[in-house]
Amino acid sequence: MPFTPLHDRVLVRRIEGEAKTSGGLIIPDTAKEKPQEGEIVSVGAGAKDEDGDRIAMDVKAGDRILFGKWSGTEIKLDGEDLVIMKESDILGVMA
């Protein structure tokens, strides 16, 4: 099912980190932190300014991003766990 966030929100798929430490120890699922890196699945049209004009989004679908640990709201869409957040929760775009 296609899903488009409203206004200045983005839909993000978390990118899982390594399951091992640099020393080779395997990290169990119960000890892992949720990844703070993701790929943008879809973006809203952008917020509106006081005059009603759209403010263009700085990110687009397919961008790899970093976001804060407690950013966004987790949702389940078509059986997949995703996060929806405001563009302002994004810390940066990875090159």
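**Reading salt bridges**

Visitor: What does Arg-64 count as, buried or partly exposed?

Guide: Arg-64 counts as partly exposed, at 39% relative accessibility. Buried means under 20% relative accessible area, exposed over 50%, and partly exposed in between (1.4 Å probe, protein chains only). By the way, this is a predicted model: local features need pLDDT of at least 70, side-chain atom pairs count only at pLDDT 80 or more, and totals for chains, interfaces and linings use all residues. Residues are numbered from 1 along each chain as its sequence is written, and side-chain values use heavy atoms, with hydrogens and water left out.

Visitor: Which residue meets Arg-64 in a salt bridge?

Guide: Side chains of opposite charge can pair when their charged atoms come close. A salt bridge here is a side-chain nitrogen of Lys or Arg within 4 Å of a carboxyl oxygen of Asp or Glu. For Arg-64 the partner is Glu-37, at 2.1 Å, N to O. That pair links distant parts of the chain, with Glu-37 in strand S2 and Arg-64 in strand S3, 27 residues apart. Strands (E, at least two residues) are DSSP runs, numbered from the N terminus.

Visitor: How many salt bridges are there by this rule?

Guide: Seven. One of them joins Lys-86 and Asp-8 at 3.4 Å, N to O. Lys-86 lies in strand S5 and Asp-8 in the segment before strand S1, so the pair ties together parts 78 residues apart in sequence. Asp-8 is buried at 16%, whereas Lys-86 is partly exposed at 34%.

Visitor: Which residues are linked in a network of salt bridges?

Guide: Arg-13, Glu-39 and Glu-80.

Key:
Helix = DSSP H or I, 4+ residues; strand = E, 2+ residues; numbered from the N terminus.
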